[in-house]
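Please work through the exercises below with the sequence and the model side by side, trying each task before reading its solution.

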Amino acid sequence: MVHFVGAGPGAVDLITVRGQRLLSEADMVIYAGSLINTELLSCCKEEAELLDSAKMDLTEIVEAMKRADRKGKNVVRLHSGEPSLYGAVREQMDALDKEGIAYDSCPGVTAAFGAASRLNMEFTLPGISQTLILTRMAGRTSVPEYESIEGLAAHQSSMAIYLSAGMLPELARKLMVGGRSPDTPVAILYKATWPDEKRVHTTISRMAEEAAKEGIDHTAIVLVGDSVIGSGYENSKLYDPAFETEFRKPKENKE
């Protein structure tokens, strides 16, 4: 059995309870060494075989899984963050399907939510934004034309932009071409939730300059929108005393 497990955004205690259990039971762990916090491997069995996928291609990864499966061993494929986001898991699963090897998935905390926790922010503030777009700039992996940064920026919603810290001048230009104001708040978090995390609070027009001052050009997530500063929003109706729910009757306004 192969378990695809999300390691979370970086902090060792942000892996799920299920993920930690699967990791502790695994006979082989294939981990994304360039991305995960390798302190997580301390909970592996002493005899577990540990393989760093940063040094492996797809064929080598699948061959390792096949070798373990033939011996009746459990495998954990440990991905950073949440495997379903930019994890390249589908191609691995398709290869396992061809080999008749069973697998399942264990979710993880993605970088956007790790970053939001560090800022104590809410992406979906009433009156500000009720939509969060998770996306990335086109790089060596292309992006469909209808998912361009310019087109997505036009929605004026909250955005969490992955894998783009090395292209901030172009990202800023595309956001503004899409209609975002140069003064739109931005937070850039390098290695969110890691001990060496860095944070930059800025605006679209200044984000490239401010990130450069901190030496941030990789392993960072860019959060865009008024939700970053969290002002000017409307209170939710959920806790409004005049709002009726299945569990609560409205209270009279005594003013």
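Predicted model: local features only at pLDDT ≥ 70, side-chain atom pairs only at ≥ 80, totals over all residues.

Residues are numbered from 1 along each chain as its sequence is written, and side-chain values use heavy atoms, with hydrogens and water left out.

**Exercise 1.** Work out which strands stand at the edges of the open sheet of 5 strands.

Solution. Begin with the terms: strands are DSSP runs of E with at least two residues, helices are runs of H or I with at least four, both numbered from the N terminus, and two strands pair if DSSP finds at least two bridges between them. The order is β6-β7-β10-β8-β9, with mixed pairing. β6 (132-136) and β9 (198-203) each have a single partner strand, so one side of each is left without a neighbour in the sheet. From one strand to the next, the twist averages 20°, where axes are lines fitted to C-alpha atoms, for helices over the stretch in contact, and angles run from 0 to 180 degrees between N-to-C directions.

**Exercise 2.** Describe how β8 is joined to β10, and find the helix that packs on the sheet.

Solution. Strands β8 (residues 185-190) and β10 (residues 220-224) run antiparallel and are joined by 5 bridges; Leu 189 stands opposite Ile 221 in β10. Helix α4 (residues 111-119) packs on the sheet, where it touches β6, β7 (158-162), β8, β9 and β10 (contact meaning heavy atoms within 4.5 Å), and its direction makes about 70° with that of β10.

**Exercise 3.** Classify the aromatic pair formed by Phe 4 and Tyr 103.

Solution. Rings of Phe, Tyr and Trp (its six-membered ring) pair if their centres lie within 6.5 Å, and planes under 30 degrees apart count as stacked, over 60 as edge-to-face and the rest as tilted. The structure holds 3 such pairs. For Phe 4 and Tyr 103, the values are 6.1 Å centre to centre and 90° between the planes, an edge-to-face pair. Phe 4 lies in strand β1 (residues 2-6) and Tyr 103 in strand β5 (residues 103-106), so the pair ties together parts that are 99 residues apart in sequence.

**Exercise 4.** Find the rings over which the charged ends of Lys 191 and Lys 198 sit.

Solution. The criterion is that NZ of Lys or CZ of Arg is within 6 Å of the ring centre and within 35 degrees of the ring normal. Lys 191 has its charged end over the ring of Trp 194, 4.1 Å from its centre, and Lys 198 has its charged end over the ring of Tyr 190, 5.9 Å from its centre.
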